[in-house]
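Please read this briefing with the model open beside it.

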Amino acid sequence: MANSSATVLIVGASRGLGLGLVREYAGQGRKVIGTVRSADPPTGLHALAAAGRVRVELLDINHSDQVAALRARLAGEAIDVLFVNAGISDSSADTLPAASTEAFTRLMLTNALSPMRVVEAFADLVVPDGIVAAMSSGLGSVANNSSAGMEIYRASKAALNMMLRSFAVRAGGRRTVLAVAPGWVRTDMGGPGAPLDVATSTRGIVAALAARRGQPGAAFIDHRGNDVAW
Ligand SMILES: NC(=O)c1ccc[n+]([C@@H]2O[C@H](COP(=O)([O-])OP(=O)(O)OC[C@H]3O[C@@H](n4cnc5c(N)ncnc54)[C@H](OP(=O)(O)O)[C@@H]3O)[C@@H](O)[C@H]2O)c1
């Protein structure tokens, strides 16, 4: 049963799937905090916040000073769902031979290390039966990689998955830890040819998280709630 008075924190909520998650939880009457990197120009989240219920905070996950500052601002907050959605892709790094060291470093930092630093920084605010989730990708499945391509992106999400599992082991207890594959979704990242719209993916993810509540340990799931092979 969700702790409906506790906060849902969505990190990386200016647009795309993060904004969709905020919209979904706010539509359920939940208290939601969403983060954006900048308030200028105002983002989709700012437009949603103007309608009430949603609070906007600033955070670039690659800046540890900003992570610490937000953690301090949210001290005392009871978080029911911590969802780190922020992530990037890079078409210049489609194959390993094509990828620059700079592209590799940027993808690994933004998609793996920084999301986990956010998880580590905010985990103690999550209620004992709450949910810690990060946006992974079906491309992050090592077991299902039979087509290659987007190779550094895949590796970054596989690294994220591995660190989430380590976190879940260390966290122990009743904590539910989820790596989430949202499907291929029409966003700036997914492009116009993707089969899923944001609302379909995020509605499914929110339902899948609710269904997993109370199941301790780490799982890799898709937007329909099905398990994905690690
Ligand atoms: N779309 C898909 O088909 C698909 C499939 C599998 C997985 N995913 C994953 O789903 C997540 C969301 O993707 P999306 O499709 O919604 O992409 P998107 O439209 O490009 O949005 C990416 C979001 O991440 C934020 N972000 C990027 N770098 C950040 C940083 N350093 N600090 C804080 N926020 C940062 C962006 O903020 P700004 O607006 O400031 O840039 C934006 O809110 C990503 O983790 C992505 O890898 C997407």
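Helices (H) and strands (E) are runs assigned by DSSP and numbered from the N terminus. The model is predicted.

**Two serines**

- Apart from neighbours within four places in sequence, serine 92 is in contact with Ala98 and Ala103.
- Along the chain, serine 92 and alanine 103 are 11 residues apart, and their C-alpha atoms are separated by 7.9 Å.
- Serine 201 belongs to helix H6, residues 198-212.
- Serine 201 has 28 C-beta neighbours inside 10 Å, so this residue counts as buried; the cut-off is 20 or more.
- Beyond the four places on either side in sequence, the contacts of serine 201 are Leu17, Gly20, Pro182, Gly183, Val185, Leu196 and His223.
- Serine 201 and proline 182 are 19 residues apart along the chain, with 5.9 Å between their C-alpha atoms.

- Helix H1 covers residues 16-27, which makes 12 residues; at 1.5 Å a residue they should span 16 Å, and the end C-alpha atoms are 16 Å apart, so the two values agree.
- H1 is mostly covered, with 11 of its 12 residues buried.
- Among the buried residues of H1 are Gly16, Leu17 and Gly20, and both Leu17 and Gly20 are in contact with serine 201.
- Charged residues are also found in the buried part of H1, including Arg23 and Glu24.

**Strands E4 and E5**

- Strand E4 (residues 79-84) runs parallel to E5, and five bridges join them.
- Within this pair, phenylalanine 83 is opposite alanine 133 of E5.
- A right-handed β-α-β unit is made by E4, helix H4 (residues 101-122) and E5.
- Strand E5 (residues 126-135) is mostly covered, as seven of its 10 residues are buried.

- Methionine 135 has valine 180 in E6 as its bridge partner.
- How many residues of E6 are buried? Six of its six residues are buried.
- In a regular strand, side chains alternate between the two faces of the sheet.
- Thr176, Leu178 and Val180 point one way from E6, while Val177, Ala179 and Ala181 point the other way, and all are buried.
- E6 runs parallel to strand E7 (residues 217-222), and six bridges join the two.
- Aspartate 222 in E7 is the bridge partner of alanine 181.
- From E6 the chain crosses through H6 to E7, and this β-α-β crossover is left-handed.

**Helix H5**

- Helix H5 runs over residues 151-171; its 21 residues at 1.5 Å a residue should span 30 Å, and the end C-alpha atoms are 30 Å apart, which agrees.
- Buried residues of H5 include Ile152, Tyr153, Arg154, Leu160, Leu164 and Ala171.
- What covers the buried residues of H5? H4, E5, E6 and E7 are included in that cover.
- Just after H5 comes glycine 172, with a positive phi of about 60 degrees.

Technical notes
Residues are numbered from 1 along each chain as its sequence is written. This is a predicted model: local features need pLDDT of at least 70, side-chain atom pairs count only at pLDDT 80 or more; totals for chains, interfaces and linings use all residues. Helices (H or I, at least four residues) and strands (E, at least two) are DSSP runs, numbered from the N terminus. The expected span of a helix is 1.5 Å times one less than its number of residues. Two strands pair if DSSP finds at least two bridges between them. A crossover is right-handed if, with the strands pointing away from the viewer, the path from the first strand over the helix to the second runs clockwise. Two residues are in contact if their C-beta atoms, placed from the backbone, lie within 7 Å.
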